[in-house]
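User: Hi! I am new to reading protein structures and would like to learn what the words in a description rest on. Could we go through one together?

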Amino acid sequence: MRAAIIPARGGSKRIPRKNIRSFAGMPMIAWSLRAARDSGCFDRIIVSTDDPEVAQVAITHGGEAPFVRPAELSDDHCGTIPVIAHAAQWLAEQCERPTEICCIYATAPFVEAGDLRRGLDVLNSSGADYAFSVTSFPFPIQRAVRITPEHRLTMFQPEHAQTRSQDLDEAWHDAGQFYWGRAHAWIAGTPLFGEGSAPVVLPRHRVQDIDTQEDWDRAEIMFQAQHRADRMPTT
């Protein structure tokens, strides 16, 4: 048995009601629900929320909202792992014990069904505890600079001031879309970031963090451009 868990609390300070705000014609969370359904990977697709309106939107778009997330797991400081562990334990109380659980973020409109299937393949073939989406930094992180209080520039790693970009290791970051994991790893609180995790690589043009209005506007432009390209006839 496999389950998708979509964390979607009601509160959001920087973009109010972000999880259910309309994005490209649908509530934001509906894109994650669609990808989960289309992937064919899941026996249950559950939205973990503390908000009745979010729950109703989830149900309307093909998800379940069978429990209310506790208040102590719904504030700004609660991490992802305790939320998924709570959902896994709730399933166990219903005599359902998933072997794999995929956390899909509600604010991931670029997530695709094929990537979810690929993530499951990576999890199973690698033997890792987790497999999650990553993408590459567009510029070598070893050449990053900081702005000092005196409004001057200094390098984070000055030893690489003269190193050629092609001689530096490529760096990757969490794409913030989905996290496949073994149920026992979620319940045990095993950290996501470590040698027990395997990468599911995504192209940079399908990754956009959405924390500010500027992020939102950029994401909609990217999303619309990609969908126009998908609809263009081939010759």
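Predicted model: local features only at pLDDT ≥ 70, side-chain atom pairs only at ≥ 80, totals over all residues.

User: In what order do the strands of the open sheet stand?

Analyst: Residues are numbered from 1 along each chain as its sequence is written, and side-chain values use heavy atoms, with hydrogens and water left out. The open sheet has 6 strands in the order β4-β1-β5-β9-β6-β10, and the pairing is mixed. Strands (E, at least two residues) and helices (H or I, at least four) are DSSP runs, numbered from the N terminus.

User: What makes β4 and β10 edge strands?

Analyst: β4 (44-48) and β10 each have a single partner strand, so one side of each is left without a neighbour in the sheet. On average, neighbouring strands of this sheet are turned by 30° against each other, direction ignored.

User: How do you know that β1 and β5 pair?

Analyst: Two strands pair if DSSP finds at least two bridges between them. β1 and β5 have 4 bridges, in the parallel sense, so they meet that definition. As an example, Ala4 has Cys102 in β5 as its bridge partner.

User: Why is helix α1 called largely enclosed?

Analyst: Buried means under 20% relative accessible area, exposed means over 50%, and partly exposed is in between (1.4 Å probe, protein chains only). In α1 (residues 28-39), 9 of the 12 residues are buried, so the rest of the structure largely encloses this helix. Among them are Trp31, Leu33 and Ser39. After α1 comes Gly40, with a positive phi near 70°.

User: Where does α1 lie, and at what angle does it run to β4?

Analyst: α1 lies across β1, β4 and β5, and runs at about 160° to β4. Such angles go from 0 to 180 degrees between N-to-C directions, with axes being lines fitted to C-alpha atoms, for helices over the stretch in contact.

User: Why is the pair of Asp211 and Lys18 called a salt bridge?

Analyst: A salt bridge needs a side-chain nitrogen of Lys or Arg within 4 Å of a carboxyl oxygen of Asp or Glu. The closest N and O atoms of Asp211 and Lys18 are 3.7 Å apart, so the pair qualifies. Asp211 lies in the loop between β10 (197-201) and α6, and Lys18 in the loop between β1 (2-7) and β2 (22-23), so the pair ties together parts that are 193 residues apart in sequence.

User: Are Asp211 and Lys18 buried or partly exposed?

Analyst: Asp211, at 24% relative accessibility, is partly exposed. Lys18 has a relative accessible area of 13%, so it is buried.

User: Which residues form a network of salt bridges?

Analyst: Glu112, Asp115, Arg118 and Arg206 are linked in such a network. Arg206 bridges to Asp115, with the closest N and O atoms 2.7 Å apart. That pair links distant parts of the chain, since Arg206 is in the loop between β10 and α6 and Asp115 is in helix α4, 91 residues apart. Arg206 also meets Glu112 in a salt bridge at 3.7 Å, N to O. Arg206 is buried at 10%, whereas Glu112 is partly exposed at 37%.

User: Why is Gln226 called buried, and which residues is Gln226 in contact with?

Analyst: Gln226, in helix α6 (residues 213-231), has a relative accessible area of 17%, so it counts as buried. Leaving aside neighbours within four places in sequence, Gln226 is in contact (heavy atoms within 4.5 Å) with Phe110, His205 and Arg206.
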